[in-house]
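Hi everyone, thanks for coming along. I'd like to walk you through some side-chain and helix packing today, so let's get the model up on the screen.

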Amino acid sequence: MTTVEIIFLAVYFSLLSVLGVYGSHRYRMAFLYYRHKFKLPTPNGTLKALPRVTIQLPIFNEMYVVERLVESVCRIDYPRELLEIQVLDDSTDETCGIARACVERHRQKGHDIVYIHRVNRQGFKAGALENGLKLATGEYVAVFDADFVPSPDFLMRTVPFFADAKVGMVQVRWGHLNREFSILTQAQSIFLDGHFIIEHTARNRAGCFFNFNGTAGIWRRSTISDAGGWQHDTLTEDLDLSYRAQLKGWQFVFLPEVISPAEVPVDMNAFKSQQHRWAKGSIQTAKKLLPTILKSDLPLLVKREAFFHLTNNMAYLLMVLLSLLMPISMVVRFQHGLYGTLFLDLPFFITATASVCVFYVAAQRERGATGWERFKYLPFLMSLGIGLAINNAKAVGEALLNQQSGFARTPKTGAEGKSVKAPVKKSYRGSKTLMPVVELLFAAYFTGALWFAIDARIYTSVPFIVLFQAGFLYVGMSSLLQGFVSRVKVAESTPAVSSTEEQPRQAA
């Protein structure tokens with residue numbers, strides 16, 4: 001073998017090793033979960049009286065869900081004289097009128113609810129929350145995004161934990177209003193179940209840092225101030241504030257038994273936009289806070305978990321590099337008669353893929369899924385995770401290179417169960433990019449690798465090549481086809497207008 005080929009294989013196995021480490025971290029999460037599963041959180045003490053609470057509802061162009069959100073929040077069981085509701089609207093479309101009318105309707109029913117509209121989006125969601133706090137009267141502040149439908153007992157089950165003066169935030173688990181909508185929403189729901197049921201529970205009960213998820217949680221107002229307030233130098237202001245608050249010594253509580261249902265994206269492009277924001281924001285937060293965390297006198301367990309938590313999305317960048325090298329590595333070793341060395345890949349791939357299986361099967365088991373339901377989506381989950389690698393690697397690269405971008409909202413359609421209530425405007429679907437073309441090129445690349453593996457009878461590589469091929473093909477094709485379908489639906493749902501009518505509409 002030439003020196004170049006040796007270096008090439010060394011890089012390839014180095015990537016496999018690092019990805020194996022990140023993959024094995026899921027085993028640790030599952031271990032910590034089962035180790036601390038029965039450490040049920042209970043309020044430490046009793047509040048002398050119920051405190052005043054402000055609920056903030058940050059929205060931006062949410063015409064399909066804003067009424068559902070406000071109505072569900074107004075049904076929350078809490079003394080009206082102690083509850084203030086702020087609708088923080090940065091919208092630029094019909095949402096403004098819908099939200100304002102909805103607020104007025106509920107205000108006339110006796111609710112202490114206000115409509116606050118900003119003429120600019122400075123700081124995006126963080127800026128809206130920060131602006132709302134200037135006018136808020138509550139001692140505690142709950143936040144719900146537009147796609148959530150909180151249960152009436154949300155406050156009565158979370159507020160008692162603030163009897164402990166050290167508790168700064170209480171987070172509840174997300175549910176999924178449209179889990180059954182499609183295989184994509186099923187997969188997203190399982191991903192989120194793993195994050196909340198396993199990761200959040202494991203981190204919180206093991207004494208490690210975990211994060212407020214931007215919604216379905218309640219803060220002690222003084223905690224926000226003490227930690228430096230809402231800041232908008234990252235795309236994950238919730239993760240950033242969470243770590244700053246816990247560095248200050250505040251304790252967080254996670255309540256997996258309290259569920260706040262929400263809508264997951266039904267559109268692949270919307271899902272990718274959401275994933276891009278989360279991946280980029282987590283790396284931005286890692287760059288901002290990880291040096292401080294590692295230099296602190298926190299226990300090693302906390303530092304180690306913070307490192308894996310904040311840098312986990314780096315694995316996507318490594319996955320893209322591995323995707324480029326894997327077929328070439330197979331060809332190089334086959335040409336040099338090193339067929340047997342292909343078995344060296346198996347421990348690394350098994351570490352990564354089996355950990356996914358263990359992690360998400362455990363999450364579904366704890367959710368209450370039985371039998372085949374726990375397992376049937378696993379191959380799709382693994383392929384989808386691989387298919388997202390290019391999209392998320394781009395986000396990681398932008399964060400590492402300090403490329404700034406706006407807060408891209410995740411479009412909501414009002415989907416519940418298996419249906420969407422009304423035809424959805426084009427602007428409420430995920431934006432299209434050239435990313436699907438790149439994903440389909442990767443799919444074609446792995447199709448060639450699959451043909452070579454079968455022709456050369458390298459059957460041990462076939463299952464893993466198929467996972468990569470299917471993942472890139474599904475994500476790329478879904479992005480393109482959903483864009484096409486959305487154009488058709490918009491065309492069908494838009495009334496025809498004459499040329500004389502069209503010009504004033506465009507001018508408006």
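Let me start with a charge and a ring: Arg-121 sits over the face of Phe-60, 3.6 Å from the ring centre. Please keep in mind that this is a predicted model.

Now to rings paired with rings. A pair of aromatic rings is described by the distance of the centres and the angle of the planes. With centres counted as paired within 6.5 Å, we get 24 aromatic pairs. Take Phe-307 and Phe-308: their ring centres are 5.7 Å apart and the planes meet at 80 degrees, so this pair is edge-to-face. How exposed are these two? Phe-307 is partly exposed, at 33% relative accessible area, while Phe-308 is buried, at 14%.

Another edge-to-face pair is Phe-380 with Tyr-474, at 5.0 Å centre to centre and 80 degrees between the planes. Phe-380 belongs to helix α13 (residues 378-387) and Tyr-474 to helix α16 (residues 462-493), so the pair ties together parts that are 94 residues apart in sequence. Here Phe-380 is buried, with 17% relative accessibility, and Tyr-474 is partly exposed, with 25%.

There is also a cluster linked by ring pairs; among its members are Phe-148, Trp-174, Phe-196, Phe-210 and Trp-278.

On to helices. At what angle do α1 and α6 pack? Helix α1 (residues 3-36) and helix α6 (residues 183-205) pack at about 65 degrees, and their axes are 8 Å apart. The crossing of α1 with α6 is left-handed. On the α1 side, the contact residues include His-25, Met-29 and Tyr-33; on the α6 side, they include Ile-197, Thr-201 and Arg-205. Sorted by class, the contact has seven nonpolar, three polar and three charged residues.

My last stop is helix α8 (residues 237-247). Is α8 enclosed or open to the outside? Of its 11 residues, 10 are buried, so α8 is largely enclosed by the rest of the structure. The buried residues of α8 include Glu-237, Asp-238, Asp-240 and Arg-244, along with Leu-239, Leu-241 and Tyr-243. What do the buried residues of α8 pack against? Their partners are α4 (124-135), β6 (217-220), α7 (221-226), β7 (251-262), α9 (268-295) and α10 (300-311). Just after α8 comes Gly-249, with a positive phi of about 100 degrees.

Key. Residues are numbered from 1 along each chain as its sequence is written. This is a predicted model: local features need pLDDT of at least 70, side-chain atom pairs count only at pLDDT 80 or more; totals for chains, interfaces and linings use all residues. Side-chain values use heavy atoms; hydrogens and water are left out. Rings of Phe, Tyr and Trp (its six-membered ring) pair if their centres lie within 6.5 Å; planes under 30 degrees apart count as stacked, over 60 as edge-to-face and the rest as tilted. Buried means under 20% relative accessible area, exposed over 50%, partly exposed in between (1.4 Å probe, protein chains only). Helices (H or I, at least four residues) and strands (E, at least two) are DSSP runs, numbered from the N terminus. A charge sits over a ring if NZ of Lys or CZ of Arg is within 6 Å of the ring centre and within 35 degrees of the ring normal. Axes are lines fitted to C-alpha atoms, for helices over the stretch in contact, and angles run from 0 to 180 degrees between N-to-C directions. A crossing is left-handed if the near helix is turned anticlockwise from the far one by less than a right angle, and right-handed if clockwise. Contact means heavy atoms within 4.5 Å. Ala, Val, Leu, Ile, Met, Phe, Trp, Tyr, Cys and Pro count as nonpolar, Asp, Glu, Lys and Arg as charged, and the others, Gly among them, as polar.
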